[in-house]
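Student: I have a new structure open and would like a quick tour. Can we go through it together?

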Amino acid sequence: MSSSVTYKKPLGVGQVAAICRVSKKTVLNWIYEGALKAFTTYGGHYRVWPVNLKKFLDTAGMDIPFEFVDDTSTHILIIDDERPYAQMLKSVISAELPNVEITTTDDGFEGLLLIGEIKPQLVILDLKMPKIDGMGVLKLLRKRKIDHDMKILVISGYLDDETREQLSKTPADAALDKLSDISLVVKTVGALIRSESVENQEEVAR
Amino acid sequence: MDELENDNIQEEITKLRDGIREIAHEINNPLGVLRMAAYLMETTNPDEAKRKHYVGLINTSVDRIEQGLKQLRALRDNPSGTVPTPTEQP
């Protein structure tokens with residue numbers, strides 16, 4: 001495959017095999033071993049985000065030209081009924097990650113519909129909302145199989161023990177208090193859209 | 001202290017705790033907005049229109065914090081009462 005192709009969307013196993021000039025079986029082995037990060041579609045097929053293939057190629061030291069678009073394919077959805085807060089959060093993230101597309105909604109139900117429509121890589125979810133609260137949205141998302149790689153960052157007005165206990169039963173990928181330091185918010189958002197795990201949720205949550 | 005009285009006290013404490021939790025939520029949202037407004041004004045060199053927008057949000061946030069403090073005072077004066085409805089958010 002020509003190196004002039006720039007990849008933006010998740011790649012199938014066959015595409016990865018062609019890019020790396022190996023068999024599909026070899027690609028599947030990389031995935032099974034955990035060396036190549038992949039996610040499964042609703043139909044049970046593996047997909048690999050270009051950024052993860054790039055990471056794999058770099059880590060494995062494979063000299064294969066591979067061009068891809070990273071940030072421009074990243075979409076964040078903010079679900080928060082506190083409009084001034086959502087607006088400012090959007091401005092802060094845009095200032096730090098200018099190529100990321102951000103959509104906001106103040107309604108949990110609309111948020112669920114938007115997830116299917118825009119397939120965001122990250123959902124930033126407020127917990128306290130009318131109609132369906134963030135915990136309700138989180139429970140639905142955890143029950144439902146999402147057919148794309150999506151992280152959830154809970155951002156709560158007041159992250160007290162009761163909320164932490166609820167989150168221990170229905171975990172998010174990270175949780176922050178609305179008063180968290182802005183640099184921590186930006187760092188967490190950046191890590192989540194790069195599909196890095198936020199190792200210590202408690203540390204992030206404080 | 002009989003059992004009934006003890007139950008009543010527990011109920012009052014629960015109400016008070018819920019009320020305080022509610023107010024903490026109410027106050028943390030505008031405080032978060034203030035923190036982000038300060039960050040953006042410091043780090044992004046905003047143009048006049050954006051600066052006015054941020055100042056507007058700062059003012060409405062201060063109003064909301066004041067409202068939260070009023071709720072807190074109302075709770076102090078009437079601990080077993082319900083938390084007064086907050087004013088409509090901007």
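Tutor: Buried means 20 or more other C-beta atoms within 10 Å of a residue's own, exposed means 12 or fewer, and partly exposed is in between, with C-beta atoms placed from the backbone.

Student: What does Val154(A) touch?

Tutor: Leaving out residues up to four places away in sequence, Val154(A) touches Leu125(A), Leu127(A), Gly134(A), Leu138(A), Leu167(A), Ala172(A) and Ala175(A). Contact means that the C-beta atoms, placed from the backbone, lie within 7 Å.

Student: Before we go on, how are things numbered, and what gets counted?

Tutor: Residues are numbered from 1 along each chain as its sequence is written, while chains are lettered from A and ligands numbered from 1 in the order in which they are written. As this is a predicted model, local features need pLDDT of at least 70 and side-chain atom pairs count only at pLDDT 80 or more, but totals for chains, interfaces and linings use all residues.

Student: OK, chain A. How many helices and strands?

Tutor: Chain A has 9 helices and 10 strands. Both are DSSP runs numbered from the N terminus: helices are H or I with at least four residues, strands are E with at least two. Chain A has 206 residues, and 37% of them count as buried.

Student: In what order do the strands of the parallel sheet come?

Tutor: The order is 7-6-8-9-10, in an open sheet of 5 strands of chain A with parallel pairing. Strands pair if DSSP finds at least two bridges between them. Strand 7 (101-105) and strand 10 (174-177) of chain A are the edge strands, each pairing on one side only. On average, neighbouring strands of this sheet are turned by 20° against each other, direction ignored.

Student: How many bridges join strands 6 and 8 of chain A?

Tutor: There are 4 bridges between strand 6 (residues 75-79) and strand 8 (residues 122-126) of chain A. Ile76(A) stands opposite Leu122(A) of strand 8. Helix 4 (residues 83-96) of chain A packs on this sheet and touches strand 6, strand 7 and strand 8 of chain A. The direction of helix 4 makes about 175° with that of strand 7 of chain A. Such angles run from 0 to 180 degrees between N-to-C directions, with axes fitted to C-alpha atoms, for helices over the stretch in contact.

Student: What about the antiparallel sheet?

Tutor: In chain A, 3 strands form an open antiparallel sheet in the order 2-4-3. Strand 2 (11-12) and strand 3 (39-40) of chain A are at the edges with a single partner strand each, so one side of each has no neighbour in the sheet. Strand 2 pairs with strand 4 (residues 46-48) of chain A over 2 bridges. Gly12(A) has Arg47(A) as its bridge partner in strand 4.

Student: At what angle do helix 1 and helix 2 of chain A pack?

Tutor: Helix 1 (residues 13-20) and helix 2 (residues 24-33) of chain A pack at about 105°, with axes 8 Å apart. That makes the two helices of chain A roughly perpendicular, the word for 65 to 115 degrees.

Student: Where is Arg21(A)?

Tutor: Arg21(A) is in the loop between helix 1 and helix 2 of chain A. Arg21(A) is not a glycine, yet has a positive phi of about 55°. Most residues other than glycine have a negative phi. Arg21(A) is exposed, with 10 other C-beta atoms within 10 Å.

Student: Now chain B. How many of its residues are in contact with chain A?

Tutor: 20 residues of chain B are in contact with 15 residues of chain A. Helix 1 of chain B gives the largest share of that side of chain B, 14 residues. Chain B has 2 helices and 0 strands.

Technical notes: Contact = placed C-beta atoms within 7 Å. Parallel < 35°, antiparallel > 145°, perpendicular 65-115°, else oblique.
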